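Subject: Structure for you to look at

Hello,

I am passing on the structure we spoke about. Please open it alongside this email and check the residues as you read.

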Amino acid sequence: MATFLYRLGRGAFRRRRFVALVWVALLFVAGFGAASASAPTSGSFSIPGTEAQKAFDLLDQRFPGMAADGATARIVIKAPAGEKVDSAAVKPQVEKIVSELKDGPGKDQISSVTSPYEAKAVSEDGSTAYVSVKYKVSGMELTDATREALTESTTAAKADGLNVQIGGDALQAAPETGSGEIIGIAIAAIVLVITFGSLIAAGLPLLTALIGVGIGISSITALANVLDLGSTTSTLAMMIGLAVGIDYALFIVSRYRAELAEGRERDEAAGRAVGTAGSAVVFAGLTVVIALVGLAVVNIPMLSKMGFAAAGTVVIAVLVALTLVPAMLGFAGKKVLPAGTKSRFLGKGKPAAEGAEAKPNGGTRWARFILRRPVMVLLAGVIGLGIVAVPASKLEMGLPDDGAQPVSTTQRQAYDMLSDGFGPGFNGPLMVVVNGDKALADATVERIKGLDGVAAVMPATQNEAKDAAVITVVPKDRPSSVETEDLVHEIREGSDSGKVFVTGATAMNIDFSQKMNDALLPYLALVVGLAFLLLMLVFRSILVPLKAALGFLLSVVAALGAVVAVFQWGWLGSLFGVEQTGPIMSMMPIFMVGVVFGLAMDYEVFLVTRMREAYVHGERPGQAVVTGFQYSARVVVAAAVIMIAVFSGFMGASDQMVKMIGFALAIAVFFDAFIVRMTIVPAVLALLGHKAWWLPKWLDRILPNVDVEGESLRKHLGDAEDGSGPDKDRELANA
């Protein structure tokens, strides 16, 4: 593989104009497709195999015109202090809202509009009422005109002094990320400038990453409605694509500069950079792709599509690093070199003192510190992450409702007004579907009325064939509470299997959370097992992959502990913009495991391959650790800081899921890169010594040689004995 990548990189460098033209053309085509496509929507939501989904399917069969999955809206009206919503001054305004919705621009998509006076949807104190709006289509299919009609129907009432807010999924909008990601990119640019000492060298990874992400996101946008991709999909793909795109280009550019420092010709340096660092990029990208595609085993269509879309963006980032980056290096010329090598003013020509030894870099000093105190460092790292991981034992998973929205939004204000006027359960009514006659439906109503967690039960509504019925149940507690979840289970356990089903948005969220919870440990085992096998191929060792897998588990659990502390318990919540604590997003832990697995393997490969290469060339285990840090630590640290900056930028998003995933990925990368890979890993290798690189001979013969270090390329080029190797690399790292 290294030889093929060498030829690919050198060919891209030599034919840089053609390669650049191809990528620009792809960007233009993808951009044109995105501009021509309709705006992406929230995406459909289904959970195959769950009771809530079975109930929705039954409703489609027995109530064909009901549009059970249609969007809903609740327009909540609160009268001014001292007045009531049924007064002569307020009632006409409420009725005007109802009439405007029935006759407005969006009437064709409306199934029903129910006046609060007809439905008795007025609070006991008379201060609050709500208009129920039911749509024929799901929220993803609502037109802009329909949404505008819903919003404009409340304009006159607001002008007359009424407090009118709108809740429900009819107004669900695409998440806004704000300027946070721009700040993250700016921080990445600063890190690159410090790392390379050259504006051109720093700009290359940013430029190529933005081109790759532009192609990926534009392709997702163009195919969003065809493939039913949600609006959150592109945001998460952008988050991951930016991070890996910058990092992969960083590794290639860094290796290219090292090859130039050895006196290679520019095209030869580009070929060798892609053949060596490019091999690691391919492997690292493959691990991320496998982890993201592996999300399909959970059997949640929405999550599978998110994983495939993000994996596609990673594939593009790898291809960009292998082809566009060497092409851009060809255009840059010698401008990618540090400023001090081009300008006497900035340091060129300053001779070192005769006989003076080169000053060890930061990576060398840190590795030597760990080698002197491996036990202390190992215990400090493990105990520290263990303490942070403690809150993970209290992890509660769920899906957010309007109560998790920022307090400034109309959805959150409508949620609070309904809770105050009618009780928290009105924000998440349960829909009980009875597959039977009226007698069974009436018996079910009476049984549910006797349950402790029920605030109200509506009479059963039968279909035309009288063989099915729907019962609306209002819980006493808020939708995301443990009490409401217990009520759902209690209704199901006391009902005839196959006859009575509980569904609705609240029950669907509960089933989704349970399915994600059940899938977390099997998926984690799959990912860790995969990590062990892949790293065994790379490092030709058993203990090194075992150490890497255990370190990955430690960083993931610690990250989950931090997420629970901030988003579930509210510790330092205001610092991270958490306005409402609650259960952790159901899909967040499993999505974080998939992404962090790939990123953790990035750092493991780029750092430990240098150690293995030095060890194979005859260095003692301890010195091999120092060599690995000497050559790779600076690049790995820069890559980690860039990833953290990019992920942190998405914490300013309006969508709670994007905010939470941004925080989780940022803190997980911090733990894995700086504590596990840069601290615990060298301590463990120092303690294991020669045993770290042991592999049974029979297993060594069976395993294929993936050659991530590019050893076969050196032999192919005939320079294995030309002075390159660990000693030369140490000179370059100290330069």
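This is a predicted model: local features need pLDDT of at least 70, side-chain atom pairs count only at pLDDT 80 or more; totals for chains, interfaces and linings use all residues.

Cores

The largest nonpolar core has 176 residues. Within this core, the residues with the most contacts are Y248, F552, M588 and M592. Helix α21 (residues 656-688) gives the most to the core, contributing 19 residues.

Helix pairs

Two packed helices are described by the angle between their axes and the distance between the axes. For helix α13 (residues 374-389) and helix α18 (residues 543-568), the angle is about 40° and the axes are 7 Å apart. An angle from 65 to 115 degrees would count as roughly perpendicular and one under 35 degrees as roughly parallel; α13 and α18 are therefore oblique to each other. The crossing of α13 past α18 is left-handed. On the α13 side the contact is made by V382, L385, V388 and A389, and on the α18 side by L554, V557, A558, G561 and A562. By class, this contact of α13 with α18 has eight nonpolar residues, one polar residue and no charged residues.

The other pair is helix α16 (residues 482-493) and α17, whose axes come within 10 Å and cross at roughly 95°. That angle makes α16 roughly perpendicular to α17. T484, E485, V488, H489 and R492 of α16 meet T506, A507, I510 and D511 of α17. By class, the contact of α16 with α17 has three nonpolar, three polar and three charged residues.

Loop residues

Most residues other than glycine have a negative phi. K466 has a positive phi, near 60°. This lysine lies in the loop between β8 (461-462) and β9 (469-475). R540 also has a positive phi, near 50°, and is placed in the loop between α17 (505-539) and α18.

Which of these two is buried and which exposed? Exposed means over 50% relative accessible area and buried means under 20%. K466 has a relative accessible area of 51%, so K466 is exposed. R540 has a relative accessible area of 10%, so R540 is buried.

Regards

Methods
Residues are numbered from 1 along each chain as its sequence is written. Side-chain values use heavy atoms; hydrogens and water are left out. A nonpolar core is a set of buried Ala, Val, Leu, Ile, Met, Phe, Trp, Tyr and Cys residues joined through side-chain atoms within 4.5 Å. Buried means under 20% relative accessible area, exposed over 50%, partly exposed in between (1.4 Å probe, protein chains only). Helices (H or I, at least four residues) and strands (E, at least two) are DSSP runs, numbered from the N terminus. Axes are lines fitted to C-alpha atoms, for helices over the stretch in contact, and angles run from 0 to 180 degrees between N-to-C directions. Angles under 35 degrees count as roughly parallel, over 145 as roughly antiparallel, 65 to 115 as roughly perpendicular and the rest as oblique. A crossing is left-handed if the near helix is turned anticlockwise from the far one by less than a right angle, and right-handed if clockwise. Contact means heavy atoms within 4.5 Å. Ala, Val, Leu, Ile, Met, Phe, Trp, Tyr, Cys and Pro count as nonpolar, Asp, Glu, Lys and Arg as charged, and the others, Gly among them, as polar.
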